Amino acid sequence: MSIPGTAERRALVVEDDEDISELIGFTLAKQGFEVRTVHDGPSAVTAVPEFDPDLITLDLGLPGLDGLEVCRRVRTETDAYVVMITARGDEVDRLIGLETGADDFLAKPFSSRELAARVNAMFRRPRRGPQAEAAVPAEVPAPAMPGEDHEVLRHGMLTVDVDGRQVHRNGEELELTRTEFDLLTELMRTPARVWSREALLRSVWGNEWASDTHLVEVHVGNLRRKLSQGAGDQRFIRTVRGVGYRMEAAVNA
């Protein structure tokens, strides 16, 4: 099923429950998306390169291939925003979903207003597309050129090229999701500041109405694992008990 929108943005809805797929499709069409709906995992994998969506809503429990496997496969072909939708409430599914490249998750039941707010918040954040990735060599951090407004952040062995959306640890490029990149950027811009979970939620997600601070905790956990150089290595982001997070003291080796 396809629903025409009023703008050039496209959304692929992957959902086997017809009532929920209709709710999502109607909500996104009202937001200006051209919407295509498929109802199983293999169809989703096929539809991504054909439809080239800007947004994918992806049910976790799909026939054929589950949402986690679909997300892993399509991440090699698209930089679309991915919202994982799950009926399961346990933390493992949410955590794994985010680790496979999902940008956000929604637990059923959810309202059309909540979906629209999450989508709008994501599209206020920049995406790093394939052309941007090819424009800057991965071997070394992109330098801040004299006379140019090019923001580069450094903290010990970490370098964040904000404009190029690249992160390097001792010259090695790290593969972060958009959300992980945005979180790290906020923390590194003010490394001495202790960020509350609520403040990070407002700054990174942009949806001031949201209260799901667990979303912050999951992404910080994923970010720590990608920054670490081995089990138990959490030298970069410090948890301030009862408050939130800040950058650990800079370490150069």
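F123 counts as partly exposed, at 21% relative accessibility. That class runs between buried, under 20% relative accessible area, and exposed, over 50%, for a 1.4 Å probe and protein chains only. This is a predicted model, so local features need pLDDT of at least 70 and side-chain atom pairs count only at pLDDT 80 or more, while totals for chains, interfaces and linings use all residues. Residues are numbered from 1 along each chain as its sequence is written, and side-chain values use heavy atoms, with hydrogens and water left out.

Start with the rings. The structure holds two aromatic pairs. F33 and F123 form an edge-to-face pair, 5.5 Å centre to centre with 65° between the planes. F33 sits in the loop between α1 (18-30) and β3 (34-38), whereas F123 belongs to helix α5 (residues 112-123), so the pair ties together parts that are 90 residues apart in sequence. Rings of Phe, Tyr and Trp (its six-membered ring) pair if their centres lie within 6.5 Å; planes under 30 degrees apart count as stacked, over 60 as edge-to-face and the rest as tilted. Helices (H or I, at least four residues) and strands (E, at least two) are DSSP runs, numbered from the N terminus.

How exposed is F33? F33 is buried, at 0% relative accessible area. The other pair joins Y81 and F123: this one is tilted, 4.7 Å centre to centre and 55° between the planes. Here too, distant parts of the chain are linked, with Y81 in strand β5 (residues 81-86) and F123 in helix α5, 42 residues apart. Y81 is buried, at 1%. Together, F33, Y81 and F123 make one aromatic cluster.

Charges come next. R9 lies over the face of F123, 4.5 Å from the ring centre. R193 lies over the face of W195, at 3.5 Å. The test is NZ of Lys or CZ of Arg within 6 Å of the ring centre and within 35 degrees of the ring normal.

Now turn to the helices. Helix α7 (residues 178-189) packs against helix α9 (residues 214-227) at an angle of about 85°, with their axes 10 Å apart. That makes α7 roughly perpendicular to α9, a class that covers 65 to 115 degrees. Which residues of α7 and α9 make the contact? T179, E180, L183 and L184 come from α7, and H219, V220, N222, L223, K226 and L227 from α9. Contact means heavy atoms within 4.5 Å.

Note on methods. Axes fitted to C-alpha atoms, helices over the stretch in contact; angles between N-to-C directions. Parallel < 35°, antiparallel > 145°, perpendicular 65-115°, else oblique.
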